[in-house]
Amino acid sequence: MAIDEALLDTCASRGRESCFPVLRFYQWKTPTISIGYNQKVEESVDPEFCRRMGIEVTRRPTGGKAVLHDRELTYSITADCSDHPFTSSVAENYIIISEAIIEGLRVLGIDAIIADAGIPAYDPFSREHCFSRLSRYEISYRQLKIVGSAQRRRKKAFLQHGSLLLDMDRVLLAGALRSEGIQQAGSQFVTISEAAEREVSFDELAETLAKSFQKTFGVSLLRGSLSQKERNLAEELLIRKYITAAGG
């Protein structure tokens with residue numbers, strides 16, 4: 001989370017030496033709950049359950065509802081709104097990125113779509129978790145949510161990141177996020193492996209998505225690494241903001 005925000009800050013104030021857009025794929029070493037920047041930890045998470053089960057808790061630089069990150073692929077895109085193919089519209093950028101993800105899911109045999117605009121928008125005051133409800137413009141499969149994403153703007157730069165669940169322990173989800181029951185916690189979403197009707201690995205999904213982003217955007221991806229300035233900023237943000245659940 002600190003690296004994602006460091007990239008957003010760098011992109012928002014970038015010099016000519018910076019290289020954006022940036023696409024990242026990453027995993028989680030231990031089960032971790034991330035909560036939106038405007039959420040209250042005590043209302044979203046059962047801290048005693050999390051301590052007992054070894055679940056970490058952190059904030060996100062983006063909004064949205066709590067997510068249990070465990071067996072998943074997390075993607076992150078940081079870009080300037082003037083970078084091809086992005087625009088100044090939050091919704092348009094969201095849809096462009098969704099189209100690239102959908103292209104990759106279809107290669108895996110998952111006929112995902114963008115949810116209809118007639119579906120109610122995300123409610124910022126709801127205490128539900130991220131995957132408990134499908135909202136307009138989100139990626140769905142057979143009317144179930146399959147990708148959860150959030151976006152943050154800073155000046156002319158934006159960060160969008162999200163979760164593609166390879167699998168999910170619904171019992172763990174229900175306990176960690178104060179859900180009323182396992183059925184409620186896990187009935188509104190489907191995992192990648194469930195939709196594909198086979199086990200899909202992180203490496204397979206990452207490779208497939210990399211190809212779909214290249215195809216959708218008409219670009220070639222180049223491997224890169226954080227600059228020293230970005231590493232220093234991420235470390236500063238980690239200590240000041242992300243190393244504790246409360247954040248700052």
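This report describes the sheet, the cysteines, the salt bridges and the aromatic pairs of one predicted model.

## Basis of the description

Because the model is predicted, local features need a pLDDT of at least 70 and side-chain atom pairs count only at pLDDT 80 or more, whereas totals for chains, interfaces and linings use all residues. Residues are numbered from 1 along each chain as its sequence is written, and side-chain values use heavy atoms, with hydrogens and water left out.

## The four-stranded sheet

Helices (H or I, at least four residues) and strands (E, at least two) are DSSP runs numbered from the N terminus, and two strands are taken to pair if DSSP finds at least two bridges between them. On that basis the model contains an open sheet of 4 strands in the order β1-β5-β10-β9, with antiparallel pairing. The edges are taken by β1 (22–26) and β9 (147–154), and each of these has a single partner strand, so one side of each is left without a neighbour in the sheet. From one strand to the next the twist averages 15 degrees, where axes are lines fitted to C-alpha atoms (for helices over the stretch in contact) and angles run from 0 to 180 degrees between N-to-C directions.

## Cysteines

With a disulfide defined as a pair of cysteine sulfur atoms within 2.5 Å, the structure holds 0 disulfides. Cys11 is in no disulfide, and the nearest cysteine sulfur, that of Cys81, is 8.4 Å away. Cys11 is buried, with a relative accessible area of 1%, and Cys50 also counts as buried, at 2% relative accessibility.

## Salt bridges

A salt bridge is counted where a side-chain nitrogen of Lys or Arg lies within 4 Å of a carboxyl oxygen of Asp or Glu, and the structure holds 14 of them. One of these joins the side chains of Asp4 and Arg24, at 2.6 Å from N to O. This pair links distant parts of the chain, since Asp4 lies in helix α1 (residues 2–12) and Arg24 in strand β1, 20 residues apart. Asp4 is buried, with a relative accessible area of 0%.

Within helix α9, the side chains of Glu236 and Arg240 meet in a salt bridge of 3.9 Å, N to O, and, being 4 residues apart, Glu236 and Arg240 are separated by about one helical turn. Glu236 is partly exposed, with a relative accessible area of 43%, and Arg240 counts as partly exposed at 48%. Elsewhere, salt bridges that share partners join Glu5, Asp9, Arg154 and Lys241 into one network.

## Aromatic pairs

Rings of Phe, Tyr and Trp (its six-membered ring) pair if their centres lie within 6.5 Å, and planes under 30 degrees apart count as stacked, over 60 as edge-to-face and the rest as tilted. By this rule the count comes to 4 aromatic pairs. Tyr26 and Trp28 form a tilted pair, 6.2 Å centre to centre with 50 degrees between the planes; Tyr26 counts as buried at 13% relative accessibility, as does Trp28 at 18%.

Phe86 and Phe217 form an edge-to-face pair, 5.6 Å centre to centre with 80 degrees between the planes. The pair links distant parts of the chain, with Phe86 in the loop between β5 (72–80) and α4 (90–107) and Phe217 in helix α8 (residues 202–217), 131 residues apart. Phe86 is buried, with a relative accessible area of 7%, and Phe217 counts as buried at 11%. Ring pairs link Phe86, Phe158, Phe213 and Phe217 into a cluster.

Conventions: Buried means under 20% relative accessible area, exposed over 50%, partly exposed in between (1.4 Å probe, protein chains only).
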